[in-house]
Amino acid sequence: MEHSLQRVLSEMQGKLFEMSGELGYDSVRFIKSYMNSAIAKGLDDEFDYMQWAGKEYIFEKMQDEYPQAFRKNGIVFDKEVLYWTGYVYRQWHFYTEESSKQIYKQANAETMNIMYLGYHTLDVRMAIDRLKESQEK
């Protein structure tokens, strides 16, 4: 897949995560539901129609198929953390070819929230390598 398309999909996923926070949804619940969803699995595929859908369409599809992800009775991560998390997760898939579900098992939402401060200024691949290394210890 072309590098620029990977960046566009990563930015879209980052904005999708950011949008969940702007609307006040529980970040852990939303991210966990999304990363384990058929929607994220579709974005992992070489080609899937969801890759051409906008964040608004994906958000609506998530609301329809995973209503449990849309609760407002939890912690909402900072906007920057949400964007970075979504972006890194999608880049991680392109870098390692692991599924969204496999990625989430290695670095869940809470981990990403904690690691943001130390890792957000790193090159994305370096951040992914460090996240993977921290799980091996």
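1. Glu 65 has a relative accessibility of 39% and therefore counts as partly exposed; the term covers values between buried (under 20% relative accessible area) and exposed (over 50%), computed with a 1.4 Å probe on protein chains only. Lys 61, at 21%, is likewise classed as partly exposed. The side chains of Glu 65 and Lys 61 form a salt bridge with an N to O distance of 2.8 Å. A salt bridge here is a side-chain nitrogen of Lys or Arg within 4 Å of a carboxyl oxygen of Asp or Glu. Both residues belong to helix α4 (residues 55-65), where they stand 4 residues apart, about one turn of the helix. An α-helix has 3.6 residues a turn, so residues three or four places apart point the same way.

2. On the basis of the note: the model is predicted, so local features need pLDDT of at least 70 and side-chain atom pairs count only at pLDDT 80 or more, while totals for chains, interfaces and linings use all residues. Residues are numbered from 1 along each chain as its sequence is written, and side-chain values use heavy atoms, with hydrogens and water left out.

3. The protein chain contains 8 helices and 0 strands, and its pattern along the sequence is α-α-α-α-α-α-α-α. Helices (H or I, at least four residues) and strands (E, at least two) are DSSP runs, numbered from the N terminus. The radius of gyration of the protein chain is 14 Å, close to the 14 Å given by the globule rule for 137 residues, so the chain is as compact as a globular protein of that length. That radius is taken over C-alpha atoms, and the globule rule is 2.2 Å times the number of residues to the power 0.38. The C-alpha trace spans about 35 × 35 × 20 Å along its principal axes.

4. Of the 137 residues of the protein chain, 48% count as buried. Among contacts in the protein chain with a separation of 6 or more, 73% come from residues 24 or more positions apart; a contact means heavy atoms within 4.5 Å.

5. The structure holds 3 salt bridges in total. One of them joins Arg 90 to Asp 44, with the closest N and O atoms 2.7 Å apart. Arg 90 lies in helix α5 (residues 79-96) and Asp 44 in helix α3 (residues 38-44), so this pair ties together parts that are 46 residues apart in sequence. Arg 90 and Asp 44 are both buried.

6. Another salt bridge is formed by the side chains of Lys 132 and Glu 98, at 3.0 Å from N to O. This pair links distant parts of the chain, with Lys 132 in helix α8 (residues 124-136) and Glu 98 in the loop between α5 and α6 (100-106), 34 residues apart. Glu 98 has a relative accessible area of 15% and is therefore buried.

7. Helix α1 (residues 3-22) has 20 residues and, at 1.5 Å a residue, should span 28 Å; its end C-alpha atoms are 29 Å apart, which agrees. The expected span is 1.5 Å times one less than the number of residues. Gly 24 follows α1 and has a positive phi, near 85°.

8. There are 12 aromatic pairs. Rings of Phe, Tyr and Trp (its six-membered ring) pair if their centres lie within 6.5 Å; planes under 30 degrees apart count as stacked, over 60 as edge-to-face and the rest as tilted. The ring centres of Tyr 25 and Phe 70 are 4.9 Å apart and the planes stand at 90°, so this pair is edge-to-face. Tyr 25 is in the loop between α1 and α2 (27-35) and Phe 70 in the loop between α4 and α5, so that the pair links distant parts of the chain, 45 residues apart. Tyr 25 and Phe 70 are both buried.

9. Phe 30 and Tyr 34 form a stacked aromatic pair, 6.4 Å centre to centre with 15° between the planes. The two are 4 residues apart in helix α2, about one helical turn. Phe 30 is buried at a relative accessible area of 0%, and Tyr 34 also counts as buried at 0%. One aromatic cluster includes Phe 30, Tyr 34, Tyr 25 and Phe 70.

10. Met 35 is placed in helix α2 and, at 1% relative accessibility, counts as buried. Met 35 and Lys 101 are 66 residues apart in sequence, yet 5.7 Å apart in space, C-alpha to C-alpha. Not counting residues up to four places away in sequence, Met 35 touches residues including Phe 17, Tyr 89 and Tyr 104.
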